[in-house]
Protein chains: 2
Amino acid sequence: MINNDLSYFFEPKSVALIGASVKELSIGNVIIKNLLHYGYTGPIYPINPKVDNIRGLKAYPSILDVPGEVDLVNIVIPPTMVPEEVENCGKKGVKAIIINTAGFKEMGENGKKLEDDFMARAKKYGIRIIGPNCQGTINSDPKFKTYCNFTFTFPEDGFISIVAQSGGVGAVIMQAFYDWGIGIRMYTSNGNASDVSIPEIIRYYGNDEKTRAIVLYVESLTNPKEFMEIASEVTAKKPILAMTAGRTDKGAEASRSHIGGLSGSISMEVVFKKVGILSFNNLEDLCNAAVAFAYQPIPKGNKVGVITNTGGPAVIAIDELSSNGLEIPQLSQSAKDILKTTMLEQASINNPLDVVATACASHFKSAFEVMLNEKNIDSVYVNFVTPPFVDCESVAREFAEASKKNLKPIVCNYMTDKKKWYETSNILKKGFIPCFDFAETAAKALSAMVKYHYLRSKDKGEINNYTDTKPNIAHQIIENAKSEKREVLTAFEVYSILNSYNIPLSDWAVVKNSDEAIITSNKIGFPVVIKADSDQIIHKSDVGGVVLNVCNNEQVIKVVQEMQQKFKVNNLKFFIQKQQLKALELIVGAKKEQGLGHVIMFGLGGIFVEIFKDVTFNITPVSNTEANEMLDNIKAVKLINGYRGSEGVNKNMLADVLQRVSKLVTENPEIKELDINPIFAYKDKVCAVDARIIL
Amino acid sequence: MINNDLSYFFEPKSVALIGASVKELSIGNVIIKNLLHYGYTGPIYPINPKVDNIRGLKAYPSILDVPGEVDLVNIVIPPTMVPEEVENCGKKGVKAIIINTAGFKEMGENGKKLEDDFMARAKKYGIRIIGPNCQGTINSDPKFKTYCNFTFTFPEDGFISIVAQSGGVGAVIMQAFYDWGIGIRMYTSNGNASDVSIPEIIRYYGNDEKTRAIVLYVESLTNPKEFMEIASEVTAKKPILAMTAGRTDKGAEASRSHIGGLSGSISMEVVFKKVGILSFNNLEDLCNAAVAFAYQPIPKGNKVGVITNTGGPAVIAIDELSSNGLEIPQLSQSAKDILKTTMLEQASINNPLDVVATACASHFKSAFEVMLNEKNIDSVYVNFVTPPFVDCESVAREFAEASKKNLKPIVCNYMTDKKKWYETSNILKKGFIPCFDFAETAAKALSAMVKYHYLRSKDKGEINNYTDTKPNIAHQIIENAKSEKREVLTAFEVYSILNSYNIPLSDWAVVKNSDEAIITSNKIGFPVVIKADSDQIIHKSDVGGVVLNVCNNEQVIKVVQEMQQKFKVNNLKFFIQKQQLKALELIVGAKKEQGLGHVIMFGLGGIFVEIFKDVTFNITPVSNTEANEMLDNIKAVKLINGYRGSEGVNKNMLADVLQRVSKLVTENPEIKELDINPIFAYKDKVCAVDARIIL
């Protein structure tokens, strides 16, 4: 009898606080104060056996003494007392509980026991729980004005809903919107997330009609699959803007105490992208973009019309827009013809359209009309400084008129003293114009919307079910290695597995001594590469375990003998391989992520992997479209497509390898890491040259 | 009798406005209003022949009718009337003029004539001019409160002085500080800069005792040498934080109308670095950093102590600090021992030091003491959220106490509602704590200070005067090409010039036909490279004009004949070169910049140049220290220093090439572009393999 309805957390008809206090500087007092101050519309029941009233409200000795029904309870008493009070809440028929108290599983075994205890009681009664060790919820809807939270920001009604794993970061986000005069819709910080999870909260926001954009801060995912499933559902309806932390080693270390499941920003950002979540690595950028999403439609392309009444900020804006891949196209002749009749003489009839500082409402009106009608323009960016010698209020009304048409998104770098130009600012706000103090900030917010357009309109593609693979071979090799408790597969095993999935390889064989090496080399054809083959030799090329350009029988003997002397390991074998002509060296990799499948990597290989880190990621299963997209996503895409003198390489075959690797690791989840580095790519073929697999 | 004293612009004893107006929405009225509103301390004389008074001030028909002395005049009348009024100002004995009026050289030939006219008159009387086509000046000093400017921001007294080539950008900067509650010292936007230049203004700010940091926005430099000279002087005394625009092609296009001299952000940023100016490419980051510079001492290293009373924002901060190269070292055992006795039980005694949300003044006091005493910590970063259950004012007083010691810089990500926590915010402000709303922002500001520390403490090095060069050879080749009106030098010329400066080259010779090619190839030794040599063939390798791996006489004949058939140009020659073994391919380049010398480039060469743009720049003359620094500044430095299996290359020889190229182009300023690409680098030698020179 689990209750899946989170509405009791946001739209409770009544609220009680177990642990209410008369002490000013206590959470038990602050929550009562917040509910009163925010204007919560239902009855509030402070629970405290020692006092009669708190902040003018009648206090009750126990939740069981409350006369009316109680939808939602906040609990702020010490951890050991929590299970019993949850039991009481069950008896009382409470629907939902926020446990603010800390000191549960985050403090070790004893805390974990207490947490299990109260969770069992909650389940028995079908009560849902947010927390423990959390802030709680806020709902700005005038019908409820719920503030079951000990923070200090009292948001206006708005369209952005927030969920933050870290309460501190949530508070920063909420305060930023407040400082900027932007309302929010709902807020949750769910701390330990023992019951209600972030995906559930996202789904609730997704179903809320008034929420237009969802802001998410998350450091780790306990159930990545659930997250992906629900996030995919929600992003089909409305944008989710997200940030994770721990992208540097030091940052990851600092966040380690929180980490439960999947974390680390690469994997998380790959998850975000896969499900259509827009990812940020700067909180201010995220919040700015959320304002644009809340107020304006999504652009249908990357072409921007720029209107400005001041020179320098437009230059800065265009720098920022261009470097994010947005275009500032020429205006059509017909547009220019109109503007020539409507603009001031000093105006510059171009894109950017400099209406000059003395421009008044009629000039802005025409500028907007032209940009909104222009076929080759998808969005409008405006630099608007408020000259003291212009009637700025009437200019602002033209912004509002243009925005009302809802044809193309408008963002504005609004440069003013908002107190002195209060009415102008107010007209812009009521007209839902996203206004930003800096040109770069406005340009970044628009760029985020354009990025989202492409993310959202992306074809997901299809998963290729190759029927030519021989999964049994791979399966048996892995079972065998497992039975021998080996983690690193031998070259023979690795190449056999790749063969069984038809991943193209350079001709190869494994031999035991120089006699066999000579026979094999002659069969394969010189020149060959000889590699020492043993699971005891890692990073072979660093220790002289790889010799290239072996050209004849004498050299074969010399190389084999030298390796036999150098590497005193049991059962040393030699991996002989056809030496390929010089080619574009790429890398394909796969890494298992708990609870998620595998992350597939593609990028520039060889010595450049660790220097330029020019790699891109996706998650299994990788579709045909996604595989092709991966090829296009690295910086060295020019080398793949062909560049000046060079011809480019076979993209279909590369995309095929990525999909086959995806299938291989999906069907063999025991594979922890797989690396093909390098894989050589030519105009007419691709060819894996070195590979390793770790179970 | 030029007057070099800019003080009349900032500390005028009296001000007149020629073109004062009673019309509310006019510049002639706004400037009077601004002077009155800001509380200018001297007499204000509105000049207007048609009215008796403006905003309660007596108006005079002409500047000549003003009874007292006039130090500074603002002129806002139409351009054609300006020269005569400048003449009148001269007669009156005016010291300085700000011409706000636009319509001079930026509008073409007629405007230029007017500008020349008023400049000649100003010079005659020794009057200095700011503008035309500009905003003007502001000085917040309570003794003057000068506001000879038509903008709308009225800054408090502070320590930051601003000069902006674009008035729009200047206004954004000023308003940002105002919105953040940060005072400024002086402000100038000098528009066309016909007389007083940006370097002069910087020098004036440099000599001003109360200015602690200078903020500069500049799109182009008319006299880069003057700029570098003066900026070097000033940066020796106080930090200059600068930004330029036009870093993308589109941005540069948008700024082209302003461009006079050097522009384009690469060259400008190289200039900034060379003279010790801290460069930004985001205006908000620049302004944030300026606050830190104005309030706190410069750190002496990159090691940060982090104090936080909330988890998530610290993770974000550490991500940002780490990715900017700052370190968050472990605390010493003695520091930990102290903290164990002073912190709350739940606190995390590490770096970051999590004092937890319930921490009060005594905990922060101890945290600061430990961090300020810790030898291995150079700066203190704090995340401070204001919990409603903590006495935050007393916490803030501990910040102020710590800051007063002036031992190490402190920056703070301050998370609060500044209206509700007004007194707390005020204590922090009066304690000169730089406070930022976002963790990233605070971390970036601190990172900028650390970067500045290294920029400032850098050894400039010495210019190597090579005595082994033969400048005459290079000089004669260039004179000869000039006399033949050729811009692209032949391979023979290029390699001869490089030889004459002892820049190491692969053995080479130029031949006319296959017979000569065979003799030369045998002399040099196979394998050789054969290149078509003609100034009519550009991008040789793209059109089949370069053949590698030529191994014997037959191949020589074949290659030469094929090229003779393919390239139907007069006087086709063949450049024969020893083919070098595979090596690290690098690029060294030089490009002339008008009024500046040459920009020297170094980076990863070959096919990667345009893909990764892993290059670094400096300006001639390049010193020994600077040359070595250039080697360390590219991302592929690991390949230069040696990396895993590879040995690294000879850095001394590479640094030598950079200095020799610097000397070569400095002594031959006719060289417009020089490219050595690639230059091969080995453990024991370097070797230029291909090069071109354009005059």
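User: In this predicted model, which residues of α13(A) are buried, and on which side or sides of the helix do they lie?
Analyst: The buried residues of α13(A) in the predicted model are A:His363, A:Phe364, A:Ala367, A:Phe368, A:Val370 and A:Met371. Because they cover an arc of only 165° around the axis, they lie on the same side of α13(A).

User: What covers the buried residues of α13(A)?
Analyst: The cover is drawn from both strands and helices of chain A. Among the strands are β17 (304-308), β18 (353-354) and β19 (379-385), while the helices include α12 (333-342) and α14 (392-404).

User: How far apart are the end C-alpha atoms of helix α13 of chain A, and what span should its residues give?
Analyst: Helix α13 (residues 361-373) has 13 residues, and at 1.5 Å a residue these should span 18 Å. The end C-alpha atoms agree with that expectation, since they are 18 Å apart.

User: By what turn can chain B be laid on chain A, and which rotation axis relates the two copies?
Analyst: Chain B can be laid on chain A with an RMSD of 0.1 Å, by a turn of 180° and a shift of 0.1 Å along the axis. The two copies are thus related as by a two-fold rotation axis.

User: Which helix supplies the largest share of the side of chain B that touches chain A?
Analyst: The contact takes 63 residues from chain B and 64 residues from chain A. Several helices of chain B each supply at least two residues of the side that touches chain A, including α2 (27-38), α10 (283-295) and α16 (439-456). The largest share, 10 residues, comes from α11(B).

Terms used
Residues numbered from 1 in each chain as written. Chains lettered and ligands numbered in written order. Predicted model: local features only at pLDDT ≥ 70, side-chain atom pairs only at ≥ 80, totals over all residues. Least-squares fit on C-alpha atoms with pLDDT ≥ 70 in both. Contact = placed C-beta atoms within 7 Å. Helix = DSSP H or I, 4+ residues; strand = E, 2+ residues; numbered from the N terminus. Expected span 1.5 Å × (residues − 1). Buried ≥ 20, exposed ≤ 12 C-beta atoms within 10 Å, placed from the backbone. Arc of directions from axis to C-beta.
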